[in-house]
Amino acid sequence: MPSPIRPDRPAAPRRTGLSPSLFLMMVALLAGCGGGGETVDGAPAEDAAASRPDGQRRDAERDDAGEPDAAPPETPTPDISPEPSSLTLLAPPGEMSAEGTLVLRNAGDAPLEVTALVVEPAGEGFSVELPTLPLVVAGGEQATVTLRYQAPDARPHAATLRISSNDPDEGRLTIPLAGRVAETCLEVMPRTLDIGPVELGQPSGRFELLVRNCGDVDARLTTVEVVDDPQFRIAAGDQDGPLSDVPLAAGSALRLDVWYVNDALTAGMSAMATLRIESDLEGESLIEVALRATGRESPQCRPVFEPGRLDFGALRIGTTRDLDLTVTNAGNTQCEFRSLEVVHEDGDPANAFALAPGSEALGTLDPGASRALTVRFAPMIRDQQGNRSVLQLVYTETGVDLNRREEVFLFGVAALAELGAVADAQRFADTQAPICASPQRTVAVQNIGLVPLCLTGWRQSGDDCPAFELLLAPEAADCVELSSGATQEFAFRFEPARNGAHTCDFIVAGDAMNVPEVVIALRGEGVDTADQTDVFEVGELDGRARAYFPLSRPADAVTVAVTVNDVANEAWRFSNDRNAVYFEPADHPDRGDEVSVRYEARCLPRE
């Protein structure tokens, strides 16, 4: 809508000087006043006719010399500006589309009144969420109108949205509407890929393959993988190997690198595989791309070690471990070995690796032939960070006269065999002498080193040891083996013959290198009564959990009595499984309270 014309400069000021024509007229009047004769309107008759045109000119000159006519005042007008100018909506089959938004902007300076929003023709699947009409939009402001589309069938449909408003130029405006079923489309370019000749023992160059979502619906690639031949490789960006759960938005593409590693193809041989691309798109769930590569030979000596790494693990100091490997000429020309040696890289040199006797022999190796080698690790000094070395083979390709090198990584840890106690002492419950037995208790030793060790025996030492009966132990043997981190338990029961303290040392021997024996103290007290009182000072309690107070002797539940700060308390329960008094969260004693539990200890039978 054209904007109103506005003056772009002020009106010219009124002229105050005399115009030439007015000056001549005044001279003529002055001359007429001096003569006689008839006059017309006070002028001589003979001059009257001549004076009229001058008078008329004077009037015109006065008009010219005056101010120009003023411009008419501006009238504010609305100006409707829709965005976008057309709208396309996509809907899944049988479902409603996402919202389509039409913005109605008022580019004018008077309020815009939208009085009607009508989709024509009806029945094409389009609907508009009608705002309250008239819709008033102030100058410079905007309003939004929401449209949706539900496909009545699989065909594309079209309609127009008619907008009626008070815009003087565009009072009836139409917006084209298009609607169709959202389509799924997934394409791969190229659909076949021939990598061509690849030298034996070498990877090919990388070829690009494009997976494009050419539809309207976001997709997810559930699997992208090569089947039939693992020597065909794929990568996407910095991720090598099979891909899974890859999002692919509508209109976007995934770039794949594809190449072939030739480990066996000679001239005239070929390999074929299939790149499978599976997605969650209906009708496009599986796409297969045929892959092909051929072999090409050049004179090559190619020694291959198997395995390519020797890990000796943790080895006990003073022992020896041998590991075998083979070297095979996988090339097509003879190899001439120049040197074979172990190169130390890290760790204590006293723990260096070495070739076992008979493995140092050099010579030539024909295509397809193999040779067995043995590497030895015999650590002498503890070094739990590990020793690292490489077995380095230097060879010459016969006929090509090139020196090359092949390496095998070697690793091992020099470790001590170490034994320790899980706990240095075991305290048994006070037990009534000489008629009762305590509950069973266990002690344990543990392999705290990195290498296996042997337990070679165990015994008790002390005058009171008859009161501590060994109930459970492994079968006696020359070696009870404990792997790294493993424990061995021993179970005891305390049966005092008298009142008072009892002490016994339980001693476990083994071939550990840190200590010859581990000593665990067994302690118990013989008493003459079943009466017992256990006192607890309450600490910080978990307000959401029960508070347990374990008793020092096996209690007869019917004899238990509890006081809190010397006041009898009944808000407790007894757990036979834990041999403990407990309080529910709502009945917790306060921090710092003294809980006293009196009971009669049960007398466990002796066997």
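Which residues are linked with R493 in a network of salt bridges? The network joins E469, R493, E495 and E607. A salt bridge here is a side-chain nitrogen of Lys or Arg within 4 Å of a carboxyl oxygen of Asp or Glu. Side chains of opposite charge can pair when their charged atoms come close. Searching the whole structure gives 27 salt bridges.

This is a predicted model, in which local features need pLDDT of at least 70 and side-chain atom pairs count only at pLDDT 80 or more, while totals for chains, interfaces and linings use all residues. Residues are numbered from 1 along each chain as its sequence is written, and side-chain values use heavy atoms, with hydrogens and water left out.

**R493 and E469**
- The closest N and O atoms of R493 and E469 are 3.3 Å apart in their salt bridge.
- This pair links distant parts of the chain, 24 residues apart: R493 is in strand β38 (residues 487-494) and E469 in strand β36 (residues 468-472).
- Strands (E, at least two residues) are DSSP runs, numbered from the N terminus.
- R493 is buried at 9% relative accessibility, whereas E469 is partly exposed at 27%.
- Buried means under 20% relative accessible area, exposed over 50%, and partly exposed in between (1.4 Å probe, protein chains only).

**R276 and E288**
- A salt bridge joins R276 to E288, with 2.9 Å between the closest N and O atoms.
- R276 lies in strand β20 (residues 270-279) and E288 in strand β21 (residues 286-296), so the pair ties together parts 12 residues apart in sequence.
- R276 is partly exposed at 22%, and E288 is partly exposed at 41%.

**D311 and R309**
- D311 and R309 form a salt bridge through their side chains, at 3.9 Å from N to O.
- D311 is partly exposed at 42%, and R309 is partly exposed at 44%.

Methods. Helix = DSSP H or I, 4+ residues; strand = E, 2+ residues; numbered from the N terminus.
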